[in-house]
Amino acid sequence: MTQTALIRPAWTPATIGLMVLGFIVFWPLGLAMLAYILWGDRLEGFKGDVNRATDQMARNWGRCSRSATMSPRTGNVAFDDWREAELKRIEEERRKLDEMRQEFDDYLRELRRAKDQKEFDEFMAQRARDMDADADNGNGARGSSVPNVKGSDGL
């Protein structure tokens with residue numbers, strides 16, 4: 001995946017400049033920028049984990065508060081039974097939606113990985129073609145600092 005953002009978790013001139021500026025202005029800012037450069041690519045997964053944990057905690061808290069305060073028995077047994085059945089059905093639907101969202105997130109992650117793998121394979125194939133072309137032209141090792149040129153004196 002090609003990242004074109006100016007500030008991204010990588011060693012780019014912009015991020016290095018911000019890190020240095022952060023250390024000059026207030027050292028924790030520079031340290032935070034350094035942490036972002038080093039571990040920022042893990043931030044997306046971390047955000048997803050935090051969101052899932054928060055959602056689960058809110059659901060559990062909602063269940064506890066509902067059972068304690070929000071769903072007192074009305075005295076009508078048929079209505080109370082129907083309400084409990086509906087709440088269970090809705091909770092089951094919510095669980096199914098959460099599973100589907102997780103499956104979709106996994107699918108997107110796999111698509112990104114496959115795209116990255118394809119781009120890497122294309123790069124390696126192009127690199128191999130370039131190296132073969134250099135070897136066929138007699139240039140020797142790619143990036144050699146000494147040209148393969150014979151002088152007029154026969155050396």
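Helices in these legends are DSSP runs of H or I with at least four residues, numbered from the N terminus. The model shown is a predicted one.

**View 1. Overall fold of the protein chain, with four helices and zero strands.** Along the sequence, the protein chain follows the pattern α-α-α-α. The protein chain holds 155 residues, and buried residues make up 11% of them. Of the contacts in the protein chain whose separation is 6 or more, 42% are accounted for by residues 24 or more positions apart.

**View 2. Packing of helix 1 (residues 13-25) with helix 2 (residues 27-39).** In general, two packed helices are described by the angle between their axes together with the distance between the axes. For helix 1 and helix 2, the angle is about 155° and the axes lie 5 Å apart. Because angles over 145 degrees count as roughly antiparallel, helix 1 and helix 2 are therefore roughly antiparallel to each other. Helix 1 contributes Thr15, Ile16, Leu18, Met19, Gly22, Phe23 and Val25 to this meeting, while helix 2 contributes Trp27, Leu29, Gly30, Leu31, Met33, Leu34 and Ile37. Sorted by type, the residues of the contact of helix 1 with helix 2 comprise 11 nonpolar, three polar and no charged.

**View 3. Buried and exposed residues of helix 1.** With 13 residues, helix 1 reaches 18 Å from its first C-alpha to its last, which is close to the 18 Å expected at 1.5 Å a residue. Thr15, Met19 and Gly22 are the buried residues of helix 1. They cover an arc of only 65° around the axis, and this puts them on the same side of helix 1. An α-helix has 3.6 residues a turn, so residues three or four places apart point the same way. What covers the buried residues of helix 1 includes helix 2, whereas the face of helix 1 turned away from its buried side carries the exposed residues Pro13, Ile24 and Val25.

**View 4. Buried residues of helix 2.** Helix 2, which has 13 residues, reaches 18 Å between its first C-alpha and its last, close to the 18 Å expected at 1.5 Å a residue. In helix 2 the buried residues are Gly30, Met33 and Ile37. Seen down the axis of helix 2, these buried residues fall within an arc of 60°, so they line one face of the helix. The buried residues of helix 2 pack against helix 1, and Gly30, Met33 and Ile37 are also among the residues of helix 2 that meet helix 1.

**View 5. Asp98 in helix 4 (residues 77-136).** Asp98 has a relative accessibility of 16% and therefore counts as buried, given that the cut-off for a buried residue is under 20%. Asp98 and Asp55 are 43 residues apart along the chain, and their C-alpha atoms are separated by 9.9 Å.

**View 6. Arg42 in the loop between helix 2 and helix 3 (43-70).** The relative accessibility of Arg42 is 56%, so Arg42 counts as exposed, since the exposed class begins over 50%. Although Arg42 and Pro9 are 33 residues apart in sequence, they are 9.2 Å apart in space, C-alpha to C-alpha.

Key: Residues are numbered from 1 along each chain as its sequence is written. This is a predicted model: local features need pLDDT of at least 70, side-chain atom pairs count only at pLDDT 80 or more; totals for chains, interfaces and linings use all residues. Side-chain values use heavy atoms; hydrogens and water are left out. Axes are lines fitted to C-alpha atoms, for helices over the stretch in contact, and angles run from 0 to 180 degrees between N-to-C directions. Helices (H or I, at least four residues) and strands (E, at least two) are DSSP runs, numbered from the N terminus. Angles under 35 degrees count as roughly parallel, over 145 as roughly antiparallel, 65 to 115 as roughly perpendicular and the rest as oblique. Contact means heavy atoms within 4.5 Å. Ala, Val, Leu, Ile, Met, Phe, Trp, Tyr, Cys and Pro count as nonpolar, Asp, Glu, Lys and Arg as charged, and the others, Gly among them, as polar. The expected span of a helix is 1.5 Å times one less than its number of residues. Buried means under 20% relative accessible area, exposed over 50%, partly exposed in between (1.4 Å probe, protein chains only). The arc is that of the directions from the helix axis to the C-beta atoms.
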